[in-house]
Structures are given as structure tokens and as C-alpha cells.
Amino acid sequence: NGKLLKQEVKQISGVVNATLSSFVPSGTRRWRNFISTNENTFQTEFWPIDEDYINTMGMHLLKGRNFSGKLATDSLAVLINEAAAKTFAYSDNDPLNKKISYGNNEYTIVGVVKDFNFNSFSEKVGPVVMLMPADIRKMQGDNSDALCVRMNAADISGVLENIEQIWKKMSPSKPFNYSFMDEQFDALYRTEQRMGQLFIIFTVF
């Protein structure tokens, strides 16, 4: 159970936060969809995430609010990035509370996130729509969930050992595999203990 694993990992000393999503800025998983808003149709990145994603990834909320796991109605809410706000070109320049249609559902924009790179740094940042579905695994289809963990770098090996213990308790027959979200961090970790914070990512199912 990915959600249970995330909650247990978040209790580990040295873990700053954790999020469950197979869509990460440094990854290769992408999902582009056509959505309708402001009387037009646009193609955007469309990422299912959870309520801890923005904080775990260190993203900056510019307007509105983040998702809340306590609000059932947030399954029909979305966050967008600055590029999406510019692309949708609302006449009052305020995307908050505007409606986005996808499939048979209508979503409400509740927040705007500062643009972040998710492709090459040389590429222009494109529009991203993020939603928090009630069943994130169903929306991700056949792809595995991934648990992304932000941790303090003071005791990386200790945190990893604790995560591995939880993993073996919950999934004894499955190997514990992880990688650092940034390969440069991976290389640095092999040569020195860095102060600050690092990310790891590993497959849940």
C-alpha cells in the first residue's frame, strides 16, 4: 500500500517530506492531454500528484493554495504552473477559480505554481496541469507508483536503512531499489557526505 508506506516513511527522523507520484521533474514519465478552458482547447502536461507533492519537490506556490488531503472536493481541483496561466490567457489575468474541462470532469484551478524545469534546461517550460485524483494509481494506469523522499543529507545512510527496514516489513518479497533524483547528487553522495537536502525515488509496486 503506497499511502501507508509514505506515512511510515514520513515518520523517520531525517525525512523532510515524501510524495507518491510517478511524475517527477527529473524523470521521463510524461502525460500530455487536451484540456478545455477559456473557450479554447490546449495541450498540456497532465500530472496526477498528491497533497505532499508541492512541498516535497520544493515548488513555490505563487497564488491560491495547495491541495488538501482533508478536502474531498480537491479531487476536482487543479494546480497549474505559470506557463499554463500564460497559455490559457484569461482576460482578467487571474486563473484562480477558473474551470478546466477534461473528459467528463470539470476542475477548478485553486493555485498557481512557479515554473519549474522538467525537460532540458535549454527547453522552454511548457504548461503543466496537476490534479489530485481520488485514486491516483487508477489514473496512472499500468505504471508503478513511485515514492519520492526529501531528506536531510546529514545522515543519508541512516535514513536509507530505516526506509529499507519499513520496505522489507511491507514488501518482503520485493527488492529495495532506489536512486537519487538528481544523478549529480548521486555522484556527490558516493564521494562525500553533503549537508543540505537530497531526494531519493523508488518504485512502490
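## Overview

Helices (H or I, at least four residues) and strands (E, at least two) are DSSP runs here, numbered from the N terminus. By that count, the protein has six helices and 11 strands. You are looking at a predicted model, where local features need pLDDT of at least 70 and side-chain atom pairs count only at pLDDT 80 or more, while totals for chains, interfaces and linings use all residues. Residues are numbered from 1 along each chain as its sequence is written, and side-chain values use heavy atoms, with hydrogens and water left out.

Of the 205 residues in the protein, 45% are buried. Buried means under 20% relative accessible area, exposed means over 50%, and partly exposed is in between, using a 1.4 Å probe and protein chains only. Contact means heavy atoms within 4.5 Å. Among the contacts with a separation of 6 or more, 70% are between residues 24 or more positions apart.

## Helix 1 against helix 5

Let's start with a pair of helices. The axes of helix 1 (residues 2-10) and helix 5 (residues 156-170) come within 10 Å and cross at roughly 150°. Those axes are lines fitted to C-alpha atoms, for helices over the stretch in contact, and the angles run from 0 to 180 degrees between N-to-C directions. The two helices are therefore roughly antiparallel to each other. For the angle classes, under 35 degrees counts as roughly parallel, over 145 as roughly antiparallel, 65 to 115 as roughly perpendicular and the rest as oblique.

Helix 1 passes helix 5 in a right-handed crossing. A crossing is right-handed if the near helix is turned clockwise from the far one by less than a right angle, and left-handed if anticlockwise. On the helix 1 side, the contact is made by Leu4, Leu5, Glu8 and Val9, and helix 5 contributes Ile163, Ile166, Trp167, Lys169 and Met170. Seven of these residues are nonpolar, none is polar and two are charged. Here Ala, Val, Leu, Ile, Met, Phe, Trp, Tyr, Cys and Pro count as nonpolar, Asp, Glu, Lys and Arg as charged, and the others, Gly among them, as polar.

## From isoleucine 12 into strand 1

Isoleucine 12 sits in the loop between helix 1 and strand 1, and at 9% relative accessibility it counts as buried. Leaving aside neighbours within four places in sequence, isoleucine 12 is in contact with Asn162, Ile163 and Ile166.

Strand 1 (residues 15-20) has five of its six residues buried, so it is largely enclosed by the rest of the structure. Strand 1 and strand 9 (residues 146-152) run antiparallel and are joined by five bridges; two strands pair if DSSP finds at least two bridges between them. Leucine 20 has leucine 147 of strand 9 as its bridge partner.

## The hairpin of strands 2 and 3

Strand 2 and strand 3 run antiparallel, joined by six bridges, with serine 36 opposite threonine 41 in strand 3. Their hairpin has two residues between the strands. Asparagine 38, in the loop between strand 2 (32-37) and strand 3 (40-48), has a positive phi of about 55° although it is not a glycine. Glutamate 39 lies in that loop too, and its phi is also positive, near 60°. Asparagine 38 is partly exposed, with a relative accessible area of 33%, whereas glutamate 39 is exposed at 82%.

## Strand 5 and its partners

Strand 5 pairs with strand 7 (residues 105-113) in the parallel sense over five bridges, and leucine 79 stands opposite glycine 111 in strand 7.

Strand 5 also pairs with strand 8, in the antiparallel sense over three bridges; isoleucine 80 has valine 129 as its bridge partner there. Strand 8 (residues 128-131) pairs with strand 3 as well, in the parallel sense over four bridges, with tryptophan 47 opposite methionine 130.

## Glycine 69

The loop between strand 4 (61-64) and strand 5 (77-81) holds glycine 69, which is exposed, with a relative accessible area of 54%. Setting aside neighbours within four places in sequence, glycine 69 is in contact with Glu51 and Met132. Aspartate 52 is 17 residues from glycine 69 in sequence and 8.8 Å from it in space, C-alpha to C-alpha.
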